[in-house]
Amino acid sequence: MDSAQLLIILATAITTATPLVFACLGETLTERAGVINLSAEGTVMLGAMVGFVVAKTTESVWLGFLGAAAVGMLVALIVAYGAITLRQSQIAIGFVLALLCSDLSSYLGNPYVRIPGPTVPPAFPIPILEAIPVLGPLFFRQGDVLVYASYVLIIGMWFYFYRTRAGLTLRAIGEQPAAAFVRGHNVVALRYLYTLIGGAMIGIAGAAFSLDFKAGWSHRHTAGYGWIALAIVIFGGWNPLRVALGAYLFGILQSLASVAQSSIQDVPTQVFTVAPFILMILVLVLTSAGWLDRLLGYLPVTPRRALMRALRTAPPAALGRPFEQD
Amino acid sequence: MNSTIPSQTTLPWLWRLPALVYRSGALIISLLLIGLIVLLSGASPIEVIGRMLVGAVSTPDQIGRVVATLSTLLLCAAGLVYTFNAGLYNLGVEGQVTFGAIATTFVLRLLYPEEATASLLPPPLTIALGILAGALGGVLWGLLAGALHVYGRISEIFAGLGLNFAATGVAIYLIFGPWKRPGVASLSGTQPFDESLWLGTFGQTEATPVGLGLGLLALLITIVVMRNTYFGLRLRAVGKNQYAAHVLGVPARQQLLSAFFICGLFAGLAGAIQVVGVFHRLIPNISSNLGFLGLLVVMLVNFDPLWVLPVALFFSALNIGSLQLPLSLGLESSLAGVIQGLLVLFALLGRGLAQRYAAS
Amino acid sequence: MGLFACATAGFGLRVKVELQHIHKRFGPVHANDDVSLTVEAGTIHGLLGENGAGKSTLVKILSGFITRDSGVILLDGRPAHIRSPADALRYGIGMLHQDPLDFPPLTVVENFMAGSPSTPPILNPRAAEREFRRWCARFNFDIDPHAQVGDLTVGERQQLEIVRLLANGVGTLILDEPTTGISASQKTLLFQTLRRLADEGKSIIFVSHKLEDVEALCDRVTVMRRGQVAGELDLRPLHAGAQQASSHHPEIAARIVELMFGRALAMPTKPPTRRDEVVLSIEGLVLRSDRLEIRVDQLSLHRGEVVGIAGLEGSGQQLFLTACAGLEPPAAGSIHIAGHNLTHRPYADFLRAGVCYVPADRLREGLIAGLTIQEHVALRASGRHFFIDRAEVRAEAERAIAAFNIRGRPDTYVERLSGGNQQRTQLALLPAPLSVLVMEHPTRGLDIESTLWVWQQLIARCQQGTAILFASSDLDEIVQYSDRVIVFSGGRVSPAIPVAELDVELLGQMIGGRF
């Protein structure tokens, strides 16, 4: 395999992973606020179906994305109401919604199975940037506006998390809602807000499949991607950059698999979908056992701090727990 | 601060309705929503109900399929009663079914090699060993999730989900790799077993007495254990308040691992039955998602095994009845899942509303 | 416009804080019953009282964390509308909570910026860091701005919070138990800082358990008891005698203890049940938690003996009791039960040796909400058989209900019982031959009749040879029922003193940390 070939594989990986990036970032946003939206599997599928149907009937892909975002928000609203207001188990509600929305997408999307529909128009390489050696062909000759949008989203979300006041507040309510409340923030309202926005992004991920990267609609069109997104968020340690990296890693595994198909016939591509989960469990085992901290404890302060931050995978401390004012 | 007992908020008296009102209100809303969704797909709810009823019980064959589904579902649900009562969301049940099925297939292939013309041991013994292997496979996968949770302090939800995919990955690898059909490997599964290794059925139907027997037995044992034994009581104690149970002398870790063990055991049996009783081979989706459906069943009955049988029967009938929809009305069979999901979702929301707002 | 005017009130102005006729009920508990308090600008005002006296409720009302039922808050004579922490911050009121309410995974600078009105929409960490360093330099605080807050000591986290509140323009500073868990030098620095802030005109409310801290620091002190103001004292005479702050005024200490606990101690009423045999012995025990380190050099408990633990709550009693019961492993030292070394042995071994723990938080730690009385009875009997003999368990539960006078039926869920009946249920669940009974607040929340009844039962246990180790915030209870008393104060533990040798003043001093 020469370098040109490698570049093509990597560029394809980035393309393949793009819808997943949307879903992962949406889930990251939600979880950072302290809420687990376990419905991702169903939301992505319902988003894909609704996006396709809306785009087909209105003949506008962008309205399709809008519809997918709305349906993602609606599902997230149910999660938020059950989890934040009624203080029921987020796991139970999210899980039921995951199954329910998958089936709903199959049922209501039945008349639209395997018919041609509108797709996102191709985009052009980004001038100037495409000329950068290696990075140009890798990132900026993608020919798809959603891929470019995902770059903006990744960087934007990272910037929002770590460089803005609102992002600092977001991280705060997921870590210590009581402390955020004392500082004058409306924890409940903010959790609703971020759960809804995150849900919209997960819905958009679905439409990104059905209107672009895996154009069309069929039963269980996006099966598995929602669960994978949940795993990647953990793997990525709730940091937008690392989460995106996790999604790309998954994309690479997939494109490598299709390349390898010809040489290693014994191993079907589906086996590679397992990889993120194995990685997730390994990451969880490594980081929760505490020996990593002990090992890092031998390092001098400055590199230790940098490494700790880079490797940090502790979930937001209040993840999954309801907040009660008094 | 993070109390698990929701506090009641102050509301005008008008809102303080009895808990029953909230719960039945939620049920009515879910039924209305189901009707609305059926209407959205351009069908008549009445007709759909009729077709599904006909599809579930009109022929012995259909009843047999309902019973076959019920058998597997009962095993899964019975196992999940233990984990739910121990306070665990064992989403890994699917993987436990799958790994049980893999173990069963492994033993059956061992005892009836592809080139052989007959089983090395008497077929009933082979089947029994296969089922036993399935149970062990499920236990292995269950204890793996349990160990990750209890010793690795990893959320049982993510450990379980991860192990589900890992089990599916193993199954697909085997189906396409070492266990592939002579000629062409495909997602349709391994080479079917010789008919001598199929479980006997009720007449010409898909239902097997062994499967149904195991399902009912598992449920019966579960009801007895949960209601009448110290073990069941300790399990509920740990699930409701791990620390207080520890203070009262209940070995919490041991109880949690036991719950994973038993759930894995029953799920593994379910996987074995899917192989020897239903599909007669290993297929990628060998569980038919009945593990997840089991989660819904047990959530709907609020973890009380006494109500599992009627709900599981209803859900099985929905599953099989809905298979008629594509043929007769051009609708998708996933309506069954929509109905099941909406019923459970609104039961959860109704419970939440009652806890939060109802007058005590 | 109103809010804007208030926002400036915090900056540099001298604010007099008045709380008038504050009422707050939590269900049946009247946590604040017509409480009035005035804090003059430029003073440090101590707020003393037992746990449950209502001081925490009061300051949380002022800081907007909980809303009052009725009453008025005046700032410089103008009514303030405080319904949330955000409101309080706008009025320049900030509170330093007992457990630092900050964000452990974030860095110091991020914590400094979080929730600050002066933080720009796009963060400027460098500017914030400069600002932070400036504030630190002002008070001689030495905190690394890039450290993760979770790695700091409690004292440093406190300093960070003070700096953050001041940077946010807080003119009224409330400190809730600020001296628990910090080092002596950090305490000195804290007191210097507070003094200086008061001199600059800030109003400071200092909520504490510790007499010596209040005496050393405060200009005035208000003592609360059972939701009401028990009295107020001027402490300036203490400091007036020039800089020798150590000058001790026993009459003021005695007066404060009297206000906190009532006029005189009750009379001991416990019959002698102590036998010679030692059943629990502790050597060189060291216990550590996030906030505290406790050392108990030596303590022996004899069969039939009752040892009461006095001291203000949060001084480490719970940690000590759970360690004695085998629920918390000690960092060092040994625990022997009836001659057997059980240090670091599993909790089950303690149970087998006849040690039992009855926690104060009945519904969270002692009983299991969602299970009935008879299920609790069965749970205790668990292990003997596989099947539950329902009739037998029911009969046993009925016997227990009758013997312990519990108002409930065998199938009553424990969360439906009243507090007194929950405590009776806890006692009913204790196994019959028992070597050591470890109890936390045995009669908290019970009426007089139930309290007497509980102690009758406990003394009957002692007569059978059980040793009891209990902590209580009710001094009368401790004096009435103990053979010997030990006092916890900020992690330090006094030697055991026979109850006959105690008087109010000695106890007051010990609780204040002088022994």
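Visitor: In this predicted model, in which sense do strand β11 and strand β14 of chain C pair?
Guide: Strand β11 covers residues 278–288 of chain C and strand β14 covers residues 332–337 of chain C, and five bridges join the two. The sense in which β11(C) and β14(C) pair is antiparallel.

Visitor: Which residue in the turn between β14(C) and β15(C) has a positive phi?
Guide: Strand β15 takes in residues 340–341 of chain C and runs antiparallel to β14(C), with two bridges between them; in β15(C), C:N341 is the bridge partner of C:H336. The two strands form a hairpin with two residues between them. The residue in that turn with a positive phi, of about 45°, is C:A338.

Visitor: How many helices and strands does chain C have, and how does its radius of gyration stand against that of a compact globule?
Guide: The secondary structure of chain C comes to 19 helices and 21 strands, and its C-alpha atoms fill a box of roughly 70 × 50 × 45 Å along the principal axes. A compact globule with 515 residues would have a radius of gyration near 24 Å, so the value for chain C agrees with that expectation. That value for chain C is 25 Å.

Visitor: What percentage of the contacts in chain C with a separation of 6 or more joins residues 24 or more positions apart?
Guide: Buried residues make up 50% of the 515 residues in chain C. As for the contacts in chain C with a separation of 6 or more, the part that comes from residues 24 or more positions apart is 70%.

Visitor: Is C:D176 buried or exposed?
Guide: C:D176 belongs to strand β7, residues 172–176 of chain C, and beyond four places in sequence it touches C:S56, C:V59, C:M95, C:L96, C:H97, C:Q98 and C:V207. Because 20 other C-beta atoms lie within 10 Å, and the cut-off is 20 or more, C:D176 is buried.

Visitor: Which helix gives the largest share of the side of domain 1 of chain C that touches domain 2 of chain C?
Guide: Chain C is divided into domain 1 (2–103 + 170–261), domain 2 (265–354 + 433–515) and domain 3 (367–430), and the C-alpha centres of domain 1 and domain 2 of chain C lie 32 Å apart. Between these two domains, 16 residues of domain 1 of chain C are in contact with 17 residues of domain 2 of chain C. On the side of domain 1, the elements that give two or more residues are α8 (211–217) and α10 (250–261) of chain C. The largest share, six residues, comes from α10(C).

Visitor: Which helix of chain A gives the largest share of the side that touches chain B?
Guide: The contact takes 40 residues from chain A and 45 residues from chain B. On the side of chain A, α4 (90–108), α10 (225–235) and α12 (275–288) each supply at least two residues, and by class that side divides into 28 nonpolar, seven polar and five charged residues. The largest share, 13 residues, comes from α4(A).

Visitor: Which helix of chain A gives the most to the side that touches chain C?
Guide: Here the contact takes 21 residues from chain A and 20 residues from chain C. Both α7 (165–175) and α8 (177–182) of chain A supply at least two residues of the side that touches chain C, and that side divides into nine nonpolar, five polar and seven charged residues. The helix that gives the most, with six residues, is α7(A).

Visitor: Over which residues of chain B does pLDDT stay under 50?
Guide: The mean pLDDT of chain B is 91, and 95% of its residues reach 70 or more. Where pLDDT is low, the predicted coordinates should not be read in detail. In the stretch of chain B where pLDDT stays under 50, the model has 15 contacts beyond four places in sequence, and the stretch is residues 1–11.

How values were computed:
Residues numbered from 1 in each chain as written. Chains lettered and ligands numbered in written order. Predicted model: local features only at pLDDT ≥ 70, side-chain atom pairs only at ≥ 80, totals over all residues. Helix = DSSP H or I, 4+ residues; strand = E, 2+ residues; numbered from the N terminus. Buried ≥ 20, exposed ≤ 12 C-beta atoms within 10 Å, placed from the backbone. Contact = placed C-beta atoms within 7 Å. Nonpolar A, V, L, I, M, F, W, Y, C, P; charged D, E, K, R; others polar. Domains from an automatic or database assignment. Rg over C-alpha atoms; globule rule 2.2 N^0.38 Å. pLDDT = per-residue confidence, 0-100. Pairing = 2+ DSSP bridges.
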